[in-house]
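Please read them with the model open.

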Number of protein chains: 2
Amino acid sequence: MGLVVQKYGGSSVADAEGIKRVAKRIVDTKKDGHQVVVVVSAMGDTTDELIDLAEQVSPIPAGREFDMLLTAGERISMALLAMAIKNLGHEAQSFTGSQAGVITDSVHNKARIIDVTPGRIRTALDEGNIAIVAGFQGVSQDKKDITTLGRGGSDTTAVALAAALDAEVCEIYTDVDGVFTADPRVVKKAKKIDWISFEDMLELAASGSKVLLHRCVEYARRYNIPIHVRSSFSGLQGTWVSNEPQGAQKVEQAIISGVAHDTSEAKITVVGVPDKPGEAAAIFRAVADAEINIDMIVQNVSAASTGLTDISFTLPKAEGRKALDELEKAKSAIGFDSLRYDDQIGKISLVGAGMKTNPGVTADFFKALSDAGVNIELISTSEIRISVVTRADDVNEAVRAVHTAFGLDSDSDEAVVYGGTGR
Amino acid sequence: MGLVVQKYGGSSVADAEGIKRVAKRIVDTKKDGHQVVVVVSAMGDTTDELIDLAEQVSPIPAGREFDMLLTAGERISMALLAMAIKNLGHEAQSFTGSQAGVITDSVHNKARIIDVTPGRIRTALDEGNIAIVAGFQGVSQDKKDITTLGRGGSDTTAVALAAALDAEVCEIYTDVDGVFTADPRVVKKAKKIDWISFEDMLELAASGSKVLLHRCVEYARRYNIPIHVRSSFSGLQGTWVSNEPQGAQKVEQAIISGVAHDTSEAKITVVGVPDKPGEAAAIFRAVADAEINIDMIVQNVSAASTGLTDISFTLPKAEGRKALDELEKAKSAIGFDSLRYDDQIGKISLVGAGMKTNPGVTADFFKALSDAGVNIELISTSEIRISVVTRADDVNEAVRAVHTAFGLDSDSDEAVVYGGTGR
């Protein structure tokens with residue numbers, strides 16, 4: 001029986017009852033003979049409440065102080081969880097990100113983990129404790145300041161600790177039963193996936209699946225840490241993400257893993273870019289220097305008459321303003337004509353390892369969209385994914401059409417269980 | 001212009017408006033040319049809400065985890081305060097107790113400061129920052145665990161930092177205008193004291209005055225740090241506590257500083273103690289080992305016929321159960337007959353440096369109580385204080401009688417301003 005890292009999200013520890021239920025599940029794991037490390041997020045809406053307070057005192061909260069503020073949320077939940085476990089007669093100790101040895105760079109609000117030195121966690125485990133660790137936070141290597149890891153930070157904390165402690169599995173407890181072939185709120189017949197490879201999961205995450213975030217899966221893949229995504233309410237087997245199928249369940253690997261969609265992005269088109277070497281690099285350097293992650297990039301064929309081309313890319317809506325500002329600043333240096341901004345777009349992606357060995361997949365995908373009357377604006381492909389950008393209004397219809405066309409619909413007419421408590 | 005340490009309590013930073021008002025006051029101090037270090041408590045009811053959550057998950061919260069939980073409150077308020085200051089165009093950085101170098105022993109929930117190493121604070125000040133420090137918390141020297149300092153911890157943090165940084169004054173901002181000759185809720189004619197010596201303030205604090213706690217005054221006296229207790233609402237001159245009168249105001253040192261009262265204590269009587277050497281030591285060793293602070297101690301004259309005596313002492317009501325348990329455990333070793341517990345007592349104390357040179361003070365004190373029909377149960381005196389224990393019901397009447405008898409009543413018929421916002 002090895003070491004298990006479990007991560008519980010904010011909805012699992014939203015109140016005292018939730019904390020007590022989670023404490024019981026942790027103790028059960030310990031009773032099974034495992035060493036247990038638990039990563040916990042802030043309770044329910046705590047983080048939103050803290051952000052709201054910050055906005056009341058300052059319209060533009062400062063990075064360092066904002067991180068100091070937000071990390072209070074995990075400090076509360078982890079201490080309460082440790083107390084609840086001790087109340088069940090087991091030893092537990094809680095640790096801040098800093099105490100757990102989560103060392104990051106100094107980019108406040110979205111720091112990256114650069115090292116994990118879990119000496120205190122190891123000691124706590126050796127002394128028979130369950131170790132509770134604050135998710136989402138670390139300490140900067142150079143300034144010893146408190147940092148936060150940004151979106152999906154708690155999942156990443158869990159996987160990073162699992163890697164540093166050589167855990168046998170990292171269990172991500174959430175309020176859904178696992179990863180589905182599509183978002184069950186959009187596709188009623190979506191099925192839970194029993195097993196999915198790291199590569200397909202990465203593509204799903206990059207394409208809008210919210211269950212696991214890209215950076216967490218990437219970390220797990222690099223260190224080969226199996227992830228088990230499961231419900232903290234039902235206790236059922238969820239979805240295993242790994243190199244090899246794990247667990248007792250029978251695994252049937254579908255060619256197509258699932259359909260993801262994303263309406264959180266916007267599209268920027270840089271109009272009238274001189275078609276010469278270095279132009280695209282200049283554009284994306286300007287955006288990258290502002291720490292903005294871009295997604296799809298498409299460059300039109302240059303018009304021979306003008307020697308000018310257009311370059312479009314998608315990026316999170318929240319970063320749209322900043323990207324436009326950065327590009328505007330670099331306008332004369334880059335030498336483009338104008339910028340267009342469109343935040344009414346949606347993205348649909350089909351993900352599956354078998355895609356490149358099945359040449360009909362791309363054709364079937366476009367046919368399904370066409371039959372559903374969905375117009376395509378941008379296309380991007382990888383070895384195991386096809387993504388298209390459409391109008392935001394068309395996204396749900398497009399996802400359902402593709403899900404059905406690729407035989408992913410559940411045979412049963414019963415609604416898929418989404419969330420154990422009807423949340 | 002030297003360095004000023006300011007401490008703001010929870011009621012001063014109860015909401016976003018309060019935080020912004022405090023930020024403005026801090027910036028004004030900085031603009032006057034001072035270096036400013038601010039110690040802040042948790043917002044309003046935050047600590048009570050966290051305690052409530054803890055009680056929901058575990059009836060007996062564990063020391064280490066309880067400290068981890070409670071310290072989240074200051075982390076929130078200090079980060080918000082730093083943001084609010086930055087929003088006013090001044091640089092500010094917040095620091096946890098650990099980051100500020102507040103080193104304590106390992107007694108969770110009421111740790112003692114054993115060293116202050118404010119290197120990071122000094123650096124922040126040298127770089128032009130206002131330093132915001134979490135009150136009430138530190139880090140244990142041996143285990144590097146988060147600790148809390150217990151009651152009055154934030155005031156003590158402020159004084160300890162003032163001493164370590166060689167500040168010219170430690171300003172304690174609160175919701176009253178200063179230290180009064182008696183509790184203005186009980187004595188309408190109580191007067192604000194302009195200046196009081198460390199010694200008299202120590203006696204007032206030990207006797208139930210809530211404005212400053214004993215440990216904080218003791219720390220300030222040891223390092224000769226002048227304390228200025230003042231309102232965060234009115235901005236008026238408050239009460240200076242120091243060796244020498246400070247500030248611009250004219251000081252008239254009264255013989256009697258004030259009347260304090262306390263109804264938070266209980267009385268334990270150990271009945272039938274053998275009257276031989278070592279008995280009292282054994283009793284108070286048992287209590288001290290449980291980290292219980294006792295206050296007044298009175299031993300009756302031994303009855304010659306039995307060789308037995310009774311020993312009474314007072315202690316905080318909250319510690320009553322624990323003290324009784326400890327004494328019961330040591331019953332056969334000590335050899336007493338029984339224990340009596342009484343939590344319906346009150347204590348009235350008269351404090352003043354001139355007391356020993358005015359032999360009539362004690363007589364006048366007892367006469368005032370007698371005229372008010374108040375029965376005395378225990379008496380204890382020091383060079384600058386007389387305290388008596390009475391029934392709790394008699395306390396308010398006794399305080400008013402003594403306040404009038406010693407000429408402390410304000411000449412004006414106007415009500416004393418108590419709290420700047422009517423809180």
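1. Extent of contact. In this predicted model, 42 residues of chain B are in contact with 42 residues of chain A; contact means heavy atoms within 4.5 Å. Residues are numbered from 1 along each chain as its sequence is written, chains are lettered from A and ligands numbered from 1 in the order in which they are written, and side-chain values use heavy atoms, with hydrogens and water left out. Local features need pLDDT of at least 70 and side-chain atom pairs count only at pLDDT 80 or more, while totals for chains, interfaces and linings use all residues.

2. Buried area. Chains B and A bury about 3300 Å² between them, with carbon and sulfur atoms giving 64% of that area. Buried area here is the accessible area (1.4 Å probe) that two parts lose on being put together, summed over both. On the chain B side, the most area is lost to chain A by B:Val57, B:Arg75 and B:Met83, together 23% of what that side buries.

3. The rule finds two salt bridges across the interface of chain B and chain A, a salt bridge being a side-chain nitrogen of Lys or Arg within 4 Å of a carboxyl oxygen of Asp or Glu. B:Asp145 forms a salt bridge with A:Arg120, and their closest N and O atoms are 2.7 Å apart.

4. Elements involved. In chain B, α1 (16–31), α2 (46–57), α3 (63–87) and β3 (92–95) each supply at least two residues of the side that touches chain A. Helices (H or I, at least four residues) and strands (E, at least two) are DSSP runs, numbered from the N terminus. The largest share of that side, 17 residues, comes from α3(B).

5. Symmetry. A rotation of 180° with 0.0 Å of shift along its axis superposes chain B on chain A, with an RMSD of 0.0 Å; that is the relation of a two-fold axis. The superposition is by least squares on the C-alpha atoms of residues with pLDDT of at least 70 in both copies. Of the chain B residues, B:Ala72 comes closest to the rotation axis, at 2.4 Å (C-alpha). The same surface serves both copies, since 100% of the contact residues of chain B recur in chain A.

6. A:Gly9. This residue is in the loop between β1 (3–8) and α1 (16–31) of chain A. A:Gly9 is buried, with a relative accessible area of 9% (buried means under 20%, exposed over 50%, partly exposed in between; 1.4 Å probe, protein chains only). Leaving aside neighbours within four places in sequence, A:Gly9 is in contact with A:Ser41 and A:Tyr173.
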